[in-house]
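Subject: Structure for your review

Dear colleague,

Please find below the structure that I promised to hand over. My notes on it follow directly after.

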Amino acid sequence: MRKIYVFDTTLRDGEQSPGVNLNTKEKVEIALQLEKLGVDRMEAGFPAASPGDLAAVNAVARAVKNATVIGLSRSREQDIDAVREALIGAQDPCIHVFLATSPIHRKHKLRMEKDQVLETAERAIRYARKYFDKVEFSAEDAGRTELDFLCQVTEMAIKAGASVVNIPDTVGYMNPQEFGNIFKTLKENVPNIETIQLSAHCHDDLGMATANSLAAILNGADQVEGTINGIGERAGNTAIEEIAMALATRPDFFGAQTTLNLKEIAKTSRLVSKLTGMVVPGNKAIVGANAFAHESGIHQDGMLKEKTTYEIISPDTIGLKESKLVLGKHSGRHAFREKLIDLGYELEDEAVNTAFARFKDLADRKKTVSDEDILALLEEKLIDTPEVFSLETIQVSYGNQSTPSASVRIRKAEGDVAEEVAIGNGSVDAIYNAIDKVTQENVELEDYSIKSVSQGKDAQGEVHVVLKQDEVSAQGRGLSTDILEASARAYIDALNRLIEKRKSPGRRDKMSLI
Ligand code: KIV
Ligand code: ZN
C-alpha cells in the first residue's frame, strides 16, 4: 500500500470560511485533536497576516509534538521571516510558500510575466531554504495554469530546494480526468520529480474536491491537503475524512492508505463544527448525522438481515459508538465517568467533578440525558474565555399580540451586578437590547444560528452567534434546554471573546492573499 500523507489546513484555509474566527486557545484545541487523529502535517495559519495570527501559529507550534507544523507565506521575505518567528519551538517546522502561476492571476493580480513568476518564486524558495529543511511550494491556481508552464514551475521549485510541490485547484474548476492528467504529466515530464512529493489541494466549487483529490492520488500524488468537514474558502476544501474513508473502504481500487487514526474522525468533526460554528449538514458524507441512518423500510429490512446489504462503513470505524448506558437524574458519578470513557473522554478528577455537577443540573431539567447532551456539555466549556460579563438571570415576556420585552441581570468582572429591561422585535432581539444596555458595547449581530443537540421536546438548544465591532468579529456559543437562555449565553460569550480579542495583539479578521 502506498502511504498518502495528510496535510490538514483546517486552521488556515478552513479558518478562511466566512464567519469563522478561531481564537488562539481554540486553534490549539483543534490542533491537539488533529494530532490525535494522526494528520502528518498541519497548517496552523498565515503568520504575516497580523501579530495575533503569528502568536496563534506559535502557540500551535509549541503545543504539537507529533506532526509537522506549517506556516503559510507569500513569496516575500517579510512573510518568510514571520513564519520563521511563528515556528520557533516547533518540533518539526515547515514553511509553505506560494505564488500564483495561471494566466489570469499573472495578468490581473500579479501583473507579472512568466519569467518574473519563476524568478520571484525561486528567490522565495531559496530564501526559505536558508532557514527551513522542509519547504513546500504551491503554484496557486495550478488547475488553470498552462501545463507546460506548470512543468517549468515544478522543475524550478525542485531545483530551488522545495521538498513538496503542491498543485492547487484554487477555484474548484477542475474535473477528475483533467486534474489527474496534471499529475501524470508532471510525473512523466519533470526531471527529478521522484525526489520530491507531489501534493493535491482542491476546492469544492463544483462539488468535485474529493473526486479530484482521489484522481490526483491515482496519478501519483503523495499528499492530499484538505480540512475537517470540508470547511474552507467559498464552497470549502477537500474533506479529509472523505479521502481517508475512500482509501480505507476501497484499498482494492486505490492501493493507497493514510495513517490516520480513523476512530478519531467523529470526535474531530464534532470539535471543528463546535468551535467554528459551522454546522455539518445531515447528509454530509462520513460525518453527517444521517450518514449511517437507514429510513426506508426496504433498507431497514436489509440491514436487519445483514448489515453489509446497505452499509459500506461501520459507524464504529470512525469512532461512533452506540452506548448502552442511559443516564438520568439518578445516575451517580461512577456511571457518569464510565459514560465519559465510553465517549472517548478520559478526564482528570477535577474536570469529571465539574462536568458531573453540570450533568446533574441538566438531569434535573431533562428526563434522559443523551450522549449528544453530554458531549455538548463537555465541549461547551472546552475553551475558557475570561468572563467580563456573566449572565445571572433572564426574564422574558412574550405574546403574539404584544411587544416582547426582556430583563437581564448581569455580573461584571469587577463584581457589581447590573439589571436592565428592553423591548425588541422579538424575544431574542429584546434580550440582546437589554444586554447591550448593561454592557454599553456597540456591537452588530452578524450571524445567529440555532440547532437542537438531541431529539425530543426537552432537547438542549445550542446557539451560535457572530458579533462585530469596528473591524473585529468574534463568535460565541450558548447551550441550554431553553433557547432564549442559550441565545443570551451565546451573545455574552461572544462579547467576552470580543473584549479579549480587543486586548490581544491585532488578530486580523480575514487575510487577503494577494
Ligand atoms: O487554494 C489555494 O490555492 C491555496 C494556496 C494558498 C495553497 O490555499
Ligand atoms: Zn486553498
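Salt bridges number 32 in this predicted model.

How accessible are the two partners, arginine 74 and aspartate 79? Arginine 74 has a relative accessibility of 15% and is therefore classed as buried, the cut-off being under 20%. Aspartate 79 counts as buried as well, because its relative accessibility is 1%.

Another salt bridge connects the side chains of arginine 84 and aspartate 81, at an N to O distance of 3.0 Å. Both residues belong to helix H3, which covers residues 77–86. Arginine 84 and aspartate 81 are three residues apart there, about one turn of the helix. Arginine 84 has a relative accessible area of 31%, so this residue is partly exposed. For aspartate 81 the relative accessible area is 29%, and aspartate 81 is likewise partly exposed.

In a further pair, the closest N and O atoms of arginine 337 and aspartate 349 are 2.5 Å apart, and the two residues form a salt bridge. This pair links distant parts of the chain, 12 residues apart. Arginine 337 is found in helix H13 (residues 333–342), whereas aspartate 349 is found in helix H14 (residues 349–365). Because its relative accessibility is 30%, arginine 337 counts as partly exposed.

Which residues are joined into one network by salt bridges that share partners? They are Glu26, Arg477, Asp493 and Arg497.

I turn next to the metal site. The zinc ion (ligand 2) is coordinated by three residues: Asp13 through OD, and His201 and His203 through NE2. The distances are 2.0 to 2.1 Å. Along the sequence, the spacing of the donor residues of this zinc ion is D-x187-H-x1-H.

The next item is a sheet. Strands of a sheet pair through backbone hydrogen bonds, in either a parallel or an antiparallel manner. Here, three strands make up an open sheet in the order S14-S15-S16, and the pairing is antiparallel. Strand S14 (444–452) and strand S16 (472–480) are the edge strands, each of which pairs on one side only. On average, neighbouring strands of this sheet are turned by 15 degrees against each other, with direction ignored. Between S14 and strand S15 (residues 461–469), the antiparallel pairing extends over eight bridges. Within that pairing, tyrosine 448 has valine 465 in S15 as its bridge partner.

Finally, I note one pair of helices. Two packed helices are described by the distance between their axes and the angle between them. How do helix H8 (residues 209–218) and helix H9 (residues 240–249) cross? Their axes come within 10 Å and cross at roughly 50 degrees. The crossing of H8 and H9 is right-handed.

With kind regards

Conventions. Residues are numbered from 1 along each chain as its sequence is written. Chains are lettered from A and ligands numbered from 1 in the order in which they are written. This is a predicted model: local features need pLDDT of at least 70, side-chain atom pairs count only at pLDDT 80 or more; totals for chains, interfaces and linings use all residues. Side-chain values use heavy atoms; hydrogens and water are left out. A salt bridge is a side-chain nitrogen of Lys or Arg within 4 Å of a carboxyl oxygen of Asp or Glu. Buried means under 20% relative accessible area, exposed over 50%, partly exposed in between (1.4 Å probe, protein chains only). Helices (H or I, at least four residues) and strands (E, at least two) are DSSP runs, numbered from the N terminus. Donors are N, O and S atoms within 2.8 Å of the metal (3.2 Å for Na, K and Ca); water is not among the atoms, so sites may look incomplete. Two strands pair if DSSP finds at least two bridges between them. Axes are lines fitted to C-alpha atoms, for helices over the stretch in contact, and angles run from 0 to 180 degrees between N-to-C directions. A crossing is left-handed if the near helix is turned anticlockwise from the far one by less than a right angle, and right-handed if clockwise.
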